[in-house]
Amino acid sequence: MKTLHTLGPLRPLHSLLAGVLGLGMLLGVVPAGAQETSPANPAPTNSNLSAPLFYQLLLGELNVSAGDPGAGYSLILDAARKQNDPELFRRAVEIALQARSGDAALSAARAWSQAIPVSPDADRFELQILLALNRAGETAPVLRRLVEQAPALTRNDAINAIPQIYARAPDKAEALRVVREALTPSLRQNAFAAAAWTTIGFMELLADQLPQALASARSGHAAEPASPFPALLAIELVERGQASAEPVVKGQLKASPPTAGGNNAVALAYARLLFDMQRQAEARTLLENLTRLQPDTPEPWLLLATLQVQDKRLPAATQSVQTYMALLRQAGDERAARGLTQAYLLMAQIAERQKDYATASAWLDRIENADDIMAAQMRRASLLANQGQMAKARALLRNHPERRPDDARLKFVAEAQLLRDFKDWQKAYEVYGEAVARFPRDSDMLYDQAMMAEKLDRIDEMERLLRKVIEVNPDQHQAYNALGYSLADRGLRLTEARQLIEKAVAMAPEDAYIQDSLGWVLFRQGESKRAIDVLETAFARRPDAEIAAHLGEVLWTSGDRERALKIWREGLLLASDNETLLGTLQRLRVKP
């Protein structure tokens, strides 16, 4: 061991002593003579901390302070073993971690666990250290102990936290194996089975095992139909294209309907999902029920307001946003600032729809959060464009400073989207061209430029760009689908079009829009009966005006005109301005 005079610069001895005295007090012991006795400060209770042990701790801290953590670690860990003291074990672990010695930290944590077998803190340290060392395969026993030691009232919460703990594990399959092994006892216990199946399902999601995750969601729901956990997993699965997971969500809401005093997380998450899937009527019904049952919960009000804006119910939308803002101000938590920004943007949109541009601008002026300035600029640009000042609107976006690495890309996206909103396909195509020149490997930019080429009826250019997308990102199924659908819609190279669409189907088998493309190419090839089956499935999965246009046309040409008219009416209710649907009705000279 190094002698003290070779240790380098030292903190003042009284400072180190004070640190060790603090450690002694934390342990419930104070060395004799360290405190004066008085009536206000009675003599401390004698402890088992002997003078040699006290000075061992002091010497350990001296070594750490002097830049020799190895010697300090050894002394503190030795003292921890002698005392069986959790705080000394914790200190040994901390010294090793500060010295970036993962193996030493793991040894101290395991020594702690062996000395004090029922010690969740020791197990937590061991688990975290093993994961930091990329040794997830060794974590099953310690994870199982942590789960089993968790109090029954909070054990489901502990189980639900596991996927986040393993989210960064490089070997997702190994992490899944470990978690499944650790949770095997919980799967057999009624109180914890739903949470355990859900956690296994989320681990399967991390490993991209979607069919297995769906099976886990169903098993969790079967174990406890009212449990929210499998339903939340099912919502995630639907978002990932597993439409057949939706009955799990509906089953949970049937078993445990939203209530005034209950936890309605599933209902709110499902409403967001329905909104994203453009199933506005269902989302609206659910949100109106939530705002009635829990009028003091902010989130449903904002989502309801967004739907009301889409429905052009602007006074109702204004009232909903104002309710949302009032609730946020009452809460005063960290979410309030970001939530108010969203509210200001929506209020600006409402004022813009009412052509009250001064009020819209005033709402945008309230936004101060730097992270949301770009969104405010996009809305300001929209205000200018709606007032016939497109050049100024574009300049506003182009001159916006690039504070973050992604800002340059966002500026291109915002400008192109503004031009698309005003159906200026040529200029939008040119902006995407600038973006692709700057970001040549950005498959999303290439894809969007291809869509503008399609709008301009530049089919050769669209095909070139989509094939570039496939070259840059072979897994982007939208590119295969878009190219196949565009060819099929024009009656070109139908065999190749079908091959491209079937490739997209293989990559995303439950995507309703890709199923729509498949039904359309089947119709073009004369397979009307099969086309109807495919299109009906697609429309059931995602009620959409464009799918309604295609399904209605196939039914119409097959002679089933009553059903065709019914489907078209549903499509018009979904989106009365859909170009594909309106074009279909005009071409067929039909007024449903």
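Is the crossing of H24 and H25 left-handed or right-handed? I will answer that and then go through some salt bridges.

A word on the basis. This is a predicted model, where local features need pLDDT of at least 70, side-chain atom pairs count only at pLDDT 80 or more, and totals for chains, interfaces and linings use all residues. Residues are numbered from 1 along each chain as its sequence is written, and side-chain values use heavy atoms, with hydrogens and water left out.

The crossing of H24 and H25 is left-handed, a term used if the near helix is turned anticlockwise from the far one by less than a right angle. Helices here are DSSP runs (H or I, at least four residues), numbered from the N terminus. The axes of H24 (residues 425-438) and H25 come within 9 Å and cross at roughly 155°. Axes are lines fitted to C-alpha atoms over the stretch in contact, with angles running from 0 to 180 degrees between N-to-C directions. The two helices are therefore roughly antiparallel, the word for angles over 145 degrees.

Residues making the contact (heavy atoms within 4.5 Å) include Trp-425, Tyr-429 and Tyr-432 of H24 and Leu-446, Met-452 and Lys-455 of H25. By class, that contact has 10 nonpolar, two polar and two charged residues. Nonpolar covers Ala, Val, Leu, Ile, Met, Phe, Trp, Tyr, Cys and Pro; charged covers Asp, Glu, Lys and Arg; the others, Gly among them, are polar.

Lys-455 also forms a salt bridge with Glu-579 (3.6 Å, N to O). A salt bridge is a side-chain nitrogen of Lys or Arg within 4 Å of a carboxyl oxygen of Asp or Glu. Glu-579 lies in helix H33 (residues 579-588) and Lys-455 in H25 (residues 443-455), so the pair ties together parts that are 124 residues apart in sequence. Glu-579, at 44% relative accessibility, and Lys-455, at 38%, are both partly exposed. For that scale, buried is under 20% relative accessible area, exposed over 50%, and partly exposed in between (1.4 Å probe, protein chains only).

How many salt bridges does the structure hold? The count is 47.

Another one joins Arg-284 and Asp-311 (2.6 Å, N to O). Arg-284 sits in helix H16 (residues 280-293) and Asp-311 in the loop between helix H17 (298-310) and helix H18 (314-331), so this pair links parts 27 residues apart in sequence. Arg-284 is buried at 19%, whereas Asp-311 is partly exposed at 29%.

Last, Glu-138 pairs with Arg-135 (2.9 Å, N to O). Both belong to a network of salt bridges that includes Asp-103 and Arg-145.

Terms used
Parallel < 35°, antiparallel > 145°, perpendicular 65-115°, else oblique.
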